Amino acid sequence: MPEYSATRTAPRPDPVDRLLDEAFPPAAPAPDRLPWDSWTWRHPVGRVLSAGLGLGALALGAALGGLTTWTYWVALLAPDTALFYDLANAGPEMGQLSPKAARLYNLLHHPALPAAVITLGVTTFGQPLVVGGLAWLAHVALDRSFGYGKRLPDGRRC
């Protein structure tokens, strides 16, 4: 019969992992399947359209909120916090994220979320929400125009 120490406890789950697992359960392993919107960063036409959308959202957000508003700059830079979330546990390949950081990265780089923030801002007449949503959308679109798409479940680039 194995001996158990009274002082030994099970490791506590990371709250971010728990939140991500509840909101987006891990899919069945399919490491080589590309996301449905991979044309936006893999095809030249998709990259040009993404660049146009990104520059338009960037200019409109700057015109509505001005370049001095904090919501503009925070929303423009915040999606890349996923890159620093799990820096110590990065994968073996250059630029590979850990699987949990890849899920957070994909969540923050999905265009539906900034579109929802923009919609909420328009319906509630909340200028900071619209400006933040436009800056967030600009970040996502400009990333795709430069060829940075979503990550595979194991953290590698597509």
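I began with phenylalanine 125, which is exposed at a relative accessible area of 77% (exposed is over 50%, buried under 20%, partly exposed in between, with a 1.4 Å probe and protein chains only). Phenylalanine 125 sits in the loop between helix H7 (112–123) and H8. I also checked its backbone: phi is positive, about 55°, although phenylalanine 125 is not a glycine.

Ground rules, before I go on. I'm working with a predicted model, where local features need pLDDT of at least 70, side-chain atom pairs count only at pLDDT 80 or more, and totals for chains, interfaces and linings use all residues. Residues are numbered from 1 along each chain as its sequence is written, and side-chain values use heavy atoms, with hydrogens and water left out.

**Overall layout**

I counted eight helices and zero strands (DSSP runs numbered from the N terminus: helices are H or I with at least four residues, strands are E with at least two). From the N terminus on, the elements read α-α-α-α-α-α-α-α. Of the 158 residues in the protein, 34% are buried. I put the accessible surface at about 10200 Å², and 69% of that belongs to carbon and sulfur atoms (Shrake-Rupley method, 1.4 Å probe; for residues, only the protein chains shown count as cover). Taking contacts between residues at least 6 apart in sequence, I get 70% joining residues at least 24 apart (contact means heavy atoms within 4.5 Å).

**H3 against H8**

How do H3 and H8 pack? I get an angle of about 155°, with the axes 7 Å apart (axes are lines fitted to C-alpha atoms, for helices over the stretch in contact, and angles run from 0 to 180 degrees between N-to-C directions). H3 and H8 are therefore roughly antiparallel to each other (over 145 degrees; under 35 is roughly parallel, 65 to 115 roughly perpendicular, and the rest oblique). The crossing of H3 past H8 is left-handed (the near helix is turned anticlockwise from the far one by less than a right angle; clockwise is right-handed). By class, I have 14 nonpolar, six polar and two charged residues in the contact of H3 with H8 (nonpolar: Ala, Val, Leu, Ile, Met, Phe, Trp, Tyr, Cys and Pro; charged: Asp, Glu, Lys and Arg; polar: the others, Gly among them). The H3 residues that meet H8 include Arg47, Ser50 and Leu64, and among their H8 counterparts are Gln127, Leu134 and Ser145.

I then looked at serine 50, which lies in helix H3 (residues 44–65). Serine 50 counts as buried, at 8% relative accessibility. Leaving aside neighbours within four places in sequence, I find serine 50 in contact with Thr40, Ala141, Leu142, Arg144 and Ser145.

**H4 against H8**

Next came helix H4 (residues 70–77) and helix H8 (residues 127–145), which pack at about 30° with axes 7 Å apart. That makes H4 roughly parallel to H8. Their crossing is right-handed. On the H4 side I noted Thr71, Tyr72, Ala75 and Leu76, which meet H8 residues including Pro128, Val131 and Trp136. The residues of this contact divide into eight nonpolar, three polar and no charged.

Beyond neighbours within four places in sequence, I have tyrosine 72 in contact with Leu58, Gly61, Ala62, Gly66, Leu67, Val131 and Ala135.
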